Amino acid sequence: MALRRILYCGDPILTRKAGRIHEMDDAVVELLRDLRDTMLEAGGLGLAAAQVGVPLAVVTVLRDPESDSVLKLINPRIVEQEGEQEGNESCLSLPTLRGVVIRPARVVVEALDLNGEVIRAEGEGLMARCLAHEVDHLDGRLFIDLVEPDSLCWLRPDEREEAGYRTEPTTVEEAREAFDRLRKRREGLT
Ligand code: NI
């Protein structure tokens, strides 16, 4: 198992448009395996290759938390969407940040599997949200770019709260600056 390091918001790779995969080779197989492992280890619901520094159109999405069943999607794109839902979102590239994003209520994604076959993934509710969030990563869009600004908050661990955390309101600018500082500190360490 090879875990890869997840990049923080502000890294230029995260705002770049991901390149399409034209050929399935061992590197793509390995990338998808690492993405899956990294996502599960981090407790995420989805992960895009750009988040581990690879600017290619490859994502994983957790299908079933019970069984660790993971969708592996190559060159995914939304081919159908309907309705609207409002709900909280977070992202492994913006750890401990949360905010409300409006997403389609239902989406259908078309992608390739590792055999180069066209597959369709359909989702409602949380699955639709995850699929839309991951496809957004391929266009270099993060949830902080779409968030309802007044809803943005940090989740701070707090054992006095039943949920185990409390929320602390923040702004888009403040949050971006916090991740810039984290990134610079990490660069200084490596
Ligand atoms: Ni994300």
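Select threonine 96 to begin, which at 44% relative accessibility counts as partly exposed, a class lying between buried, under 20% relative accessible area, and exposed, over 50%, as computed with a 1.4 Å probe on protein chains only. The model is a predicted one, in which local features need pLDDT of at least 70 and side-chain atom pairs count only at pLDDT 80 or more, while totals for chains, interfaces and linings use all residues. Residues are numbered from 1 along each chain as its sequence is written, and side-chain values use heavy atoms, with hydrogens and water left out.

Threonine 96 sits in the loop between β4 (85–89) and β5 (97–103), where strands are DSSP runs of E with at least two residues and helices are runs of H or I with at least four, numbered from the N terminus. Its phi is near 70 degrees, a positive value in a residue other than glycine.

Next, select aspartate 68, in the loop between β2 (58–64) and β3 (69–82). Aspartate 68 is not a glycine, yet has a positive phi of about 55 degrees, and its 36% relative accessibility makes it partly exposed.

Finally, move to threonine 170, in the loop between β9 (165–169) and α3 (172–189). Threonine 170 counts as buried because its relative accessible area is 8%. Leaving aside residues up to four places away in sequence, display its contacts (heavy atoms within 4.5 Å), and the residues touched by threonine 170 are Leu97, Pro149, Leu152, Cys153, Trp154 and Ala175.
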